[in-house]
Amino acid sequence: MQTAIIITLSVLAIYFLLMFVARARMKNVPLVEDHAKIITLTDKNFSQQAKNRLLLVDFWAAWCAPCRMMAPILNEIAEEMPNNAHIGKVNIEQYQSLAQKFKVRGIPTMILFKNGVEINRFVGVKNKEFLLKQLKNT
């Protein structure tokens, strides 16, 4: 019985240590500058920018390591986007009202809008191929 308890506690200690190390590494992911084609969205320009176009909106925050991981992927997608599609980013710390309006519960959340109407939603880190496929299929 004592051996089982010791083994269980050892496994849990190793698990938590690995989680701590993984989180520390993720926090050190550097911020990446947005591509010139990526639109910074605010509560003032959101409706106008979403109107009459296909728009992939990334809801993110600077403290969010998975959001930082998405930035280079979105920059690559901006290079290869179909002509009718655009990428926008909403910093949820600055524009909490937009996050509330679209019921963003976790980040990164990407919402695909067509003519200002939500047509799809993706939560978490997604790869370039997945997002390009979603954009091309709409």
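These are my notebook entries on a predicted model.

**Entry: the cores**

I started with the nonpolar cores. The largest one has 21 residues. I listed the residues with the most contacts inside this core: F46, V57, F59, V90, F102 and I107. Then I looked up which elements give two or more residues to this core, and they are α2 (46–50), β2 (54–60), α4 (96–101) and β4 (109–114). β2 gives the largest share, four residues. I also found a second, separate core of 17 residues, with I77, A85, M110 and L131 among its members.

**Entry: F59**

Next I picked F59 and checked what it touches. Leaving out residues up to four places away in sequence, I got V90, I92, L98, A99, F102, V104, I107, P108, T109 and I111.

**Entry: R68**

Does R68 sit buried or exposed, I wondered? R68 is buried, and I found no salt bridge for it. The nearest side chain of opposite charge belongs to E93, and that is 8.8 Å away. R68 is part of helix α3, residues 65–80.

**Entry: β4 and β5**

Last, I followed β4 into its pairing with strand β5 (residues 117–123). The two strands run antiparallel and pair over six bridges. I noted that T109 stands opposite V123 in β5; T109 is also one of the residues that F59 touches. β4 and β5 form a hairpin, with two residues between them. In the turn, I noted a positive phi of about 55 degrees for N115.

Terms used: Residues numbered from 1 in each chain as written. Predicted model: local features only at pLDDT ≥ 70, side-chain atom pairs only at ≥ 80, totals over all residues. Heavy atoms only, no water. Core = buried A, V, L, I, M, F, W, Y, C linked by side-chain atoms within 4.5 Å. Buried < 20%, exposed > 50% of the residue type's maximum accessible area, 1.4 Å probe, protein only. Contact = heavy atoms within 4.5 Å. Lys, Arg positive; Asp, Glu negative; His and termini not counted. Salt bridge = Lys/Arg side-chain N within 4 Å of Asp/Glu carboxyl O. Pairing = 2+ DSSP bridges.
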